[in-house]
Amino acid sequence: MKLRNVAIIAHVDHGKTTLVDRLLQQSGTYRDNQRVVERAMDSNDLERERGITILAKAASVQWKDTRINIVDTPGHADFGGEVERILNMVDGALVLVDAAEGPLPQTKFVVSKALKVGLKPIVVINKVDRPDARPTEVINEVFDLFAALDASEEQLDFPILYGSAKQGWMAESPDGPKDAGMQPLFDLILRHVAPPTVEDGPFRMIGTILEANPYLGRIITGRITSGTIKPNQAVKVLGGDGKLIENGRITKIIAFRGIERTPLDEAEAGDIVAIAGLTKGTVADTFCDPSIDIPLKAQPIDPPTVSMSFIVNNSPLAGTEGDKVTSRMIRDRLLREAEGNVALRVTEAADKDSMEVSGRGELQLAILIETMRREGFELSVSRPRVVLKKDDATGEWLEPIEEVVIDVDEEHSGVVVQKMSER
């Protein structure tokens with residue numbers, strides 16, 4: 001079976017998850033009478049309400065004799081570390097742009113990472129059915145964006161498709177024939193995206209996405225770099241510095257078929273699969289055959305920048321909203337979250353009655369708090385604090401800084417500088 005691995009890049013709300021829905025439907029992944037939720041990839045309630053993708057996810061479709069693995073990327077900078085690791089797992093990217101809004105900051109953030117990794121993107125202008133659509137100008141804006149991000153000649157020579165994911169068609173021109181459905185996009189992916197590069201040697205894979213499953217334990221998703229793997233095979237896990245983290249056996253190999261997961265008897269290099277059975281290995285670690293001593297090069301996990309204390313709700317109204325109110329329940333829930341969420345760091349405070357939770361940004365912590373509240377937890381949280389880091393050489397405490405680049409016309413620059421200094 002031939003393979004293609006593709007990531008989808010887009011600004012929030014430009015139709016990425018709807019596009020995946022259409023690809024799944026038109027490739028025959030769903031039965032005609034199967035009931036399917038809208039936006040199948042946004043499985044979490046908060047993702048549906050906020051209309052954002054928080055967790056990276058994979059799906060796969062089969063077109064002719066080729067399996068196409070599609071990975072959805074988060075678009076917010078709070079989940080930025082995840083984006084870079086995902087782009088290292090694929091060989092092509094679809095850059096999805098709204099025909100009215102054009103490329104927005106988030107498109108720029110992920111596209112810059114994709115170009116840096118050397119991917120040659122396909123540009124898809126979505127929502128051309130909008131009354132305010134301006135596809136020709138948007139293409140020029142995309143070209144200018146690529147040029148500003150130092151794209152190579154090859155990357156600037158990107159193929160373009162126009163269409164409407166909602167209506168389920170793509171074509172080579174904005175008015176194009178609508179009767180071919182998504183076929184032009186499938187064919188373009190097969191032509192333009194290179195098959196995965198496979199190295200020689202025994203089994204090696206970098207962990208890219210981690211999740212905790214109540215039945216299978218830790219599940220690590222990644223792309224197999226070399227070799228093959230079968231259930232019950234012995235593997236070891238190496239950290240980025242080459243130190244041994246653990247030895248173990250694979251209990252299950254899971255592949256994505258549509259959005260369902262099916263167990264496999266064997267997986268080979270180039271495919272994106274999930275493996276279960278290891279207890280310590282995490283994202284950015286190398287999972288490999290016991291004979292290997294040198295880890296693969298991986299994107300390190302971004303360090304957290306803000307932290308909050310989670311404490312038992314001790315207000316007079318305690319116990320009125322939720323039923324999970326003890327510190328032990330809160331502690332267990334946070335430790336469980338830390339197992340499946342690499343960007344969070346959870347530690348117990350010295351006095352044992354509160355938990356310190358550190359993350360990449362306020363959005364990430366807000367989502368965790370809201371998720372717990374919906375599960376029936378009651379808790380008090382402190383104000384977010386900046387995480388300081390001690391410099392080993394000088395012993396000074398350093399705080400994280402964000403570098404901000406703002407492109408504005410000259411007449412607005414005064415107001416922008418003033419607003420930034422107030423922040």
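Predicted model: local features only at pLDDT ≥ 70, side-chain atom pairs only at ≥ 80, totals over all residues.
**Figure 1. Lys113 sits in helix 4, which covers residues 105-117.** Is Lys113 buried or exposed? With a relative accessible area of 16%, Lys113 counts as buried, because the cut-off for that word is under 20%. Setting aside neighbours within four places in sequence, Lys113 makes contact with Glu84 and Leu87.

**Figure 2. Helix 4 from end to end.** Count along the helix and you get 13 residues, with 19 Å between the first C-alpha and the last. That is close to the 18 Å expected at 1.5 Å a residue. Which residues of helix 4 are buried? They are Gln106, Thr107, Val110, Val111, Lys113, Ala114 and Leu115. An α-helix has 3.6 residues a turn, so residues three or four places apart point the same way.

**Figure 3. The largest nonpolar core has 33 residues.** Ile9, Leu87, Val95, Val123, Ile125, Val142 and Phe146 are the ones that touch the most other members. Which elements each supply at least two residues of this core? They are strand 1 (2-10), helix 3 (80-87), strand 4 (92-98), helix 4, strand 5 (122-126), helix 5 (135-148) and strand 7 (169-171). There is also a second, separate core of 26 residues, with Ala59, Val61, Leu94 and Met170 among them.

**Figure 4. A look around Phe146.** Not counting residues up to four places away in sequence, what does Phe146 touch? Its partners are Val95, Val111, Leu115, Pro121, Val123, Ala151, Gln155, Leu156 and Phe158.

**Figure 5. A nonpolar patch on the surface.** Here we leave the cores behind. Val404, Ile406, Val408 and Met420 form the patch, and together they have about 320 Å² of accessible area. Met420 belongs to helix 10, residues 410-422. Its relative accessibility is 38%, so Met420 counts as partly exposed.

**Figure 6. Asp187 and Lys64 form a salt bridge.** The count for the model comes to 20 salt bridges, and this is one of them. The closest N and O atoms of the pair are 3.2 Å apart. Where in the chain do the two partners lie? Asp187 is in helix 7 (residues 183-192), while Lys64 is in the loop between strand 2 (57-63) and strand 3 (66-72). The pair links distant parts of the chain, 123 residues apart. Asp187 is buried, at 18% relative accessible area, whereas Lys64 is exposed, at 57%.

**Figure 7. Lys127 meets Asp98 in a salt bridge, 3.7 Å from N to O.** Lys127 lies in the loop between strand 5 and helix 5 and Asp98 in strand 4, so the bridge ties together parts 29 residues apart in sequence. Lys127 is partly exposed at 23% relative accessibility, but Asp98 is buried, with a relative accessible area of 0%.

**Figure 8. Glu356 and Arg385 pair up through their side chains.** Their salt bridge is 2.8 Å, N to O. Glu356 is in strand 21 (residues 354-359) and Arg385 in strand 23 (residues 385-386), so parts 29 residues apart in sequence are tied together. Arg385 counts as partly exposed, with 33% relative accessibility. Elsewhere, salt bridges that share partners join Asp98, Lys127, Arg130 and Asp132 into one network.

Terms used
Residues numbered from 1 in each chain as written. Heavy atoms only, no water. Helix = DSSP H or I, 4+ residues; strand = E, 2+ residues; numbered from the N terminus. Buried < 20%, exposed > 50% of the residue type's maximum accessible area, 1.4 Å probe, protein only. Contact = heavy atoms within 4.5 Å. Expected span 1.5 Å × (residues − 1). Core = buried A, V, L, I, M, F, W, Y, C linked by side-chain atoms within 4.5 Å. Patch = residues over 30% accessible without salt bridge, like charges linked within 9 Å, V, L, I, M, F, W, Y side chains within 5 Å. Areas by Shrake-Rupley, 256 points an atom, 1.4 Å probe, with all protein chains shown as cover. Salt bridge = Lys/Arg side-chain N within 4 Å of Asp/Glu carboxyl O.
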